[in-house]
Amino acid sequence: MTSSSSLFLLFLSLSSISLSLSSRIYPLIEEPIKPVSRISPFDTSNYGKLQLNNGLARTPQMGWNSWNFFACNINEKVIKETADALISTGLADLGYIYVNIDDCWHSLLRNLKGELKPDPKTFPSGIKAVADYIHSKGLKLGIYSDAGIFTCQVRPGSLYHENDDAELFASWGVDYLKYDNCFNLGIKPEERYPPMRDALNSTGHSIFYSICEWGVDDPALWAGSVGNSWRTTDDISDTWVSMTTIADLNDKWASYAGPGGWNDPDMLEVGNGGMTYQEYRAHFSIWALMKAPLLIGCDVRNMTAETFEILSNEEVIAVNQDPLGVQGRKVSVAENEGCSQVWAGPLSGNQLVVALWNRCSQSVTVTAKWGVLGLDESTSVSVRDLWKHENLAENVAGSFGARLDSHDCKMYIFTPATYSSVM
Ligand SMILES: *[C@@H]1O[C@H](CO)[C@@H](O)[C@H](O)[C@H]1NC(C)=O
Ligand SMILES: *[C@@H]1O[C@H](CO)[C@@H](O)[C@H](O)[C@H]1NC(C)=O
């Protein structure tokens, strides 16, 4: 939820990217691969630094958020029906337990006691009643406010009301707060976000603290001691260009993520109609590999079979929720205009997740070479395909490649047969 001027700037920068993409010529042969960085591909030097230590976010948060599909068109019926749908589809059992209400749940003015007031037309029963309903289903409720004087949709914000608002949220039984960045009076995020951390802590309730300052002040560098996750970029939109741009921006901060605090490249657009099946599969695969929050952004009451297939892929979810909690990253980009990319990361049990991603619109071969994965040349691995749900090969050594259609992404688990340190 950015102001319209920053949305306009984003649009400008995105349109210039798509222009340069479409004017490229794609060589058909595969060029040599150059490692993205000269440090270990799985640098974890900042892992676990500066933890908030509220006991939450041991793995990235999973659930649903109202914004990407509903924007301001929310009400208590939609929220409750979404909770019902998370249960009836089985998505809750797969880990999607947070039901997060975004902007527009409250009235334009505080009440006479100075408290935030749920909109009487759309939330007539109040947030506590919604929370009770969500909790009765075994799910958790998230709410939204803003580290400024207004939210992005111009409801009252929580700046200078941190303690009262945190107390109110806690009294309703809220489990999660997304804290946005509009109307912030030009005060640095480093000053505006810690007071809400302290206010939430003082309530004595465990409340997940999701920082949303759009990556403006490089939050990976300071937010680990403030929140459980921090947005690294501007808002996502339901397009290939937005999704890939955000993935690349979020990648930069990989070494700062770890249990307790995660980089947040924004919520999922899977199922909202603006991308192809292959693009949504890539979006979900890369978000899982990057240890991003998996917050569904579509109408889960009305998903297509394809949308459900993507969101319910248990093997991909397991990568995201792996207890090692190391953010996977882009480890190689071929010199064919960056079309052939390898993204990878270590998992517990000495396994690796490897994604081969075609970033261009002609089919290409993408090859992962052992060097960029941090594997010794002699190490042989077995390869499991997480989208086909099949063991593809045993005793693979040196490199592994596949042919990929336009914008597609394949995702594998590599299990070394012989011991070799990947960290
Ligand atoms: C409050 O902060 C302390 C110190 O980090 C932590 O031990 C405690 O679990 C926190 N409590 C809550 C409710 O978040
Ligand atoms: C369900 O989604 C389809 C598109 O996938 C749409 O055409 C239809 O209107 C939706 N139905 C409801 C009840 O929202």
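## A buried pair and its salt bridge

R231 is buried, and D266 is buried as well; buried denotes under 20% relative accessible area, exposed over 50%, and partly exposed the range in between, with a 1.4 Å probe and protein chains only. The structure is a predicted model, in which local features need pLDDT of at least 70 and side-chain atom pairs count only at pLDDT 80 or more, while totals for chains, interfaces and linings use all residues. Residues are numbered from 1 along each chain as its sequence is written, chains are lettered from A and ligands numbered from 1 in the order in which they are written, and side-chain values use heavy atoms, with hydrogens and water left out.

The side chains of R231 and D266 form a salt bridge at 3.4 Å, N to O. This pair connects distant parts of the chain, with R231 in strand β7 (residues 229-231) and D266 in the loop between β8 (262-264) and α9 (277-289), 35 residues apart. A salt bridge here is a side-chain nitrogen of Lys or Arg within 4 Å of a carboxyl oxygen of Asp or Glu. Helices (H or I, at least four residues) and strands (E, at least two) are DSSP runs, numbered from the N terminus.

## Further salt bridges

In the whole structure, 16 salt bridges are found. One of them joins K178 and D102 at 2.8 Å, N to O. K178 belongs to strand β5 and D102 to the loop between β3 and α4, so this contact ties together parts that are 76 residues apart in sequence. K178 is buried at a relative accessible area of 6%, and D102 is buried at 0%.

K128 and D132 also form a salt bridge, their closest N and O atoms being 3.0 Å apart. Both lie in helix α4, 4 residues apart, and are therefore separated by about one helical turn. K128 is partly exposed at 39% relative accessibility, and D132 is partly exposed at 38%.

## Disulfides

The structure contains 3 disulfides, each being a pair of cysteine sulfur atoms within 2.5 Å. Counting bonded cysteines along the chain, they follow the pattern 1-2, 3-4, 5-6. C72 and C104 are joined with their sulfur atoms 1.6 Å apart. C72 lies in the loop between α2 (67-70) and α3 (76-88), and C104 in the loop between β3 (98-100) and α4 (126-136), 32 residues apart. C72 is partly exposed at 30%, whereas C104 is buried at 3%.

C152 and C182 form a disulfide with a sulfur separation of 2.0 Å; this link is right-handed, with 95 degrees about the S-S bond. The link of C339 and C360, S to S 2.0 Å, is left-handed at -85 degrees. C339 and C360 are both buried.

## A strand pair and a surface patch

Strand β16 (residues 399-404) has F400, A402 and L404 on its covered face and S399, G401 and R403 on its uncovered face. In a regular strand, side chains alternate between the two faces of the sheet. Strand β13 (residues 364-369) pairs with β16 in the antiparallel sense over 6 bridges, where pairing requires at least two DSSP bridges between the strands. K369 stands opposite S399.

F150 lies in the loop between β4 (140-146) and α5 (162-172) and is partly exposed at 32%. F150 is one of the residues of a nonpolar surface patch that also includes I149, V154, Y160, F183 and L185, with about 570 Å² of accessible area together. Patches consist of residues with over 30% relative accessible area and no salt bridge, like charges being joined within 9 Å and nonpolar side chains (Val, Leu, Ile, Met, Phe, Trp, Tyr) within 5 Å. Accessible areas come from the Shrake-Rupley method with a 1.4 Å probe, and for residues only the protein chains shown count as cover.
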